[in-house]
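Morning, everyone. Please look at the model on the screen while I go through how some of its parts pack.

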Amino acid sequence: MARYIVLLGPPGAGKGTQAEILARETRLAHISSGEIFRENLKAQTELGKLAQEYMNRGELVPDDVTISMIEERLSRPDCAGGALLDGFPRTPAQAEALEAMLRKNGSGVQVVPYIAVPAAVLIERLSGRWTCRAQEHVYHEKFNPPAVLGKCDIDGSELYQREDDKPETVESRIRVYMEKTSPLIAYYRERGLLAEIDGTQPIEKVTADLMAAIQK
Ligand code: AP5
């Protein structure tokens with residue numbers, strides 16, 4: 001049966017960092033809603049232009065647009081065995097839509113690791129984050145630096161700082177997370193799917209805890 005894992009956590013909790021490692025370990029497709037929006041923006045598609053307006057303000061892209069984008073992505077062959085969802089769902093409406101989508105295939109969300117990190121730590125993480133242009137590999141100037149300054153260790157492409165990592169946008173992203181996304185903690189806890197992970201630990205330790213939660 002297909003396996004669907006939802007990574008939940010505030011902006012900067014380490015969802016992208018961990019999803020990349022977990023996707024390798026589990027061989028599941030890594031589906032990042034933020035990355036799909038940024039790819040569309042790079043390609044200047046209508047979806048990308050629409051998403052940019054919201055992303056630059058640190059707000060959420062409307063549910064209907066996001067839900068149909070993810071439904072299309074999950075229908076592709078590389079998701080036949082399931083997926084590791086990073087950044088989706090982000091509202092109760094998105095969580096209900098995901099449940100309905102998966103139910104159609106006789107499937108459902110298997111586990112929801114929630115990577116918990118306090119707000120003060122998030123700001124430091126996002127202000128020092130560097131992302132690779134080619135494939136969005138993620139680094140931190142202090143906590144996870146690349147071997148060569150400004151270059152991705154994996155594909156050699158240039159590292160850049162995301163437009164929405166400016167301090168004022170980060171504050172708004174954290175506020176939006178608290179209002180719109182944090183209710184999903186209770187939503188998944190009530191369904192017996194939540195596994196809380198201490199995201200303030202070193203990257204390797206967070207990975208080990210996530211692997212244990214997924215394999216349970
Ligand atoms: P998205 O790209 O999903 O951003 P996000 O959820 O805000 O998450 P981030 O990518 O900022 O952080 P992360 O948790 O992946 O942390 P990372 O691993 O990089 O979304 C962007 C925007 O798109 C949204 O604001 C919204 O507008 C839109 N959007 C996306 N999905 C949507 C949806 N479903 N509905 C509506 N709109 C949507 O780590 C952060 C930094 O910390 C890195 O530098 C990393 O090296 C470092 N780090 C990671 N782990 C550790 C550790 N354990 N110790 C020390 N440092 C660490």
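Which residues in α5 meet which residues in α8? Pro92, Ala95, Glu96, Leu98 and Glu99 in α5 meet Pro183, Leu184, Tyr187 and Tyr188 in α8, where contact means heavy atoms within 4.5 Å. These residues divide into seven nonpolar, no polar and two charged. In that count, Ala, Val, Leu, Ile, Met, Phe, Trp, Tyr, Cys and Pro are nonpolar, Asp, Glu, Lys and Arg are charged, and the others, Gly among them, are polar.

Before going on, some ground rules. This is a predicted model, with local features needing pLDDT of at least 70 and side-chain atom pairs counting only at pLDDT 80 or more, while totals for chains, interfaces and linings use all residues. Residues are numbered from 1 along each chain as its sequence is written, and side-chain values use heavy atoms, with hydrogens and water left out. Helices (H or I, at least four residues) and strands (E, at least two) are DSSP runs, numbered from the N terminus.

Back to the pair. Helix α5, residues 92-104, and helix α8, residues 183-190, pack at an angle of about 35 degrees, with their axes 10 Å apart. Axes are lines fitted to C-alpha atoms, for helices over the stretch in contact, and angles run from 0 to 180 degrees between N-to-C directions.

Next, single helices. The arc is that of the directions from the helix axis to the C-beta atoms. Just after α3, Gly58 takes a positive phi of about 75 degrees.

In helix α6, residues 119-127, the buried residues are Leu122, Arg125 and Leu126. Their arc, down the axis of α6, is within 90 degrees, so they too line one face. Their packing partners are β5 (129-132), β6 (138-140) and α7.

Last, a strand residue. Ile31 sits in strand β2, residues 29-32. Is Ile31 buried or exposed? Ile31 is buried, with a relative accessible area of 1%. Leaving aside neighbours within four places in sequence, its contacts include Ile36, Leu74 and Cys79. Ile31 and Cys79 are 48 residues apart in sequence and 9.1 Å apart in space, C-alpha to C-alpha.

Technical notes:
Buried < 20%, exposed > 50% of the residue type's maximum accessible area, 1.4 Å probe, protein only.
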